[in-house]
Amino acid sequence: MGAIVAMCLLGQSSAADVPRDRTDLEFARGVEEFVMASAPDPVRAMPEPFRGLIAGLGDPSWLRRDAATSGLREAAASDPRWLFWGRHDPDPEVRLRCNAVLRRLYPCWGCRGTGRSRNWDAWPCWDCDGTATAWPYSMWD
Ligand SMILES: [Zn+2]
């Protein structure tokens, strides 16, 4: 039953469903984690080029890791849902880079990515605590 629901969700979400704010990002994360948990083999369920790019994030060569990060940043601009899948990779470098791409793709809407308040820059932005990103930093990343 869970696999059927997951396949329906996978089929309904599209690249046009780009998250707009932090709540959308959290919802997209929840949907993708549910679908990923229901997939029999999450790595093989990822389409190309995302599978290759996410695998490249853990390459021993930093040149290839950076190239994969740049490629993933471009590819995920229109379809970011696979970044949530990459956040569950066993390699911490892959998880770190997927979160970094998410933070770069989604600047805070409250401060427009500056991290400063709109009121004379007197204090950090309340929406993002001055981090300038809509995807929050977490010790669980
Ligand atoms: Zn902000």
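In this predicted model, the largest nonpolar core holds 25 residues, and those that touch the most other members are Ile-54, Leu-72, Trp-82, Leu-83, Val-101, Leu-102 and Ala-134. Two or more residues of this core come from each of the elements α2 (22-38), α4 (50-56), α5 (62-76), α6 (81-86) and α7 (92-105). At least three of the core residues are drawn from domain 1 (2-9 + 20-105), and at least three from domain 2 (108-141).

- In soluble globular proteins, nonpolar side chains tend to be buried together.
- When neighbours within four places in sequence are left aside, Leu-72 is in contact with Leu-53, Ile-54 and Val-101.

**A cis peptide bond**

- Most residues other than glycine have a negative phi, and most peptide bonds are trans.
- The peptide bond that runs from Glu-48 to Pro-49 is cis, its omega being near 10 degrees, and Pro-49 belongs to the loop between α3 (42-45) and α4.

**Positive phi outside glycine**

- Arg-112, which is found in the segment after α7, has a phi near 55 degrees, a positive value in a residue other than glycine.
- Arg-112 counts as exposed because it has 12 C-beta neighbours inside 10 Å, and the cut-off for an exposed residue is 12 or fewer.
- Ala-132, likewise located in the segment after α7, has a positive phi of about 70 degrees although it is not a glycine.
- Ala-132 has 19 other C-beta atoms within 10 Å and is therefore partly exposed, since a buried residue would need 20 or more.

Key
Residues are numbered from 1 along each chain as its sequence is written. This is a predicted model: local features need pLDDT of at least 70, side-chain atom pairs count only at pLDDT 80 or more; totals for chains, interfaces and linings use all residues. A nonpolar core is a set of buried Ala, Val, Leu, Ile, Met, Phe, Trp, Tyr and Cys residues joined through C-beta atoms within 7 Å. Helices (H or I, at least four residues) and strands (E, at least two) are DSSP runs, numbered from the N terminus. Domain bounds come from an automatic or database domain assignment. Two residues are in contact if their C-beta atoms, placed from the backbone, lie within 7 Å.
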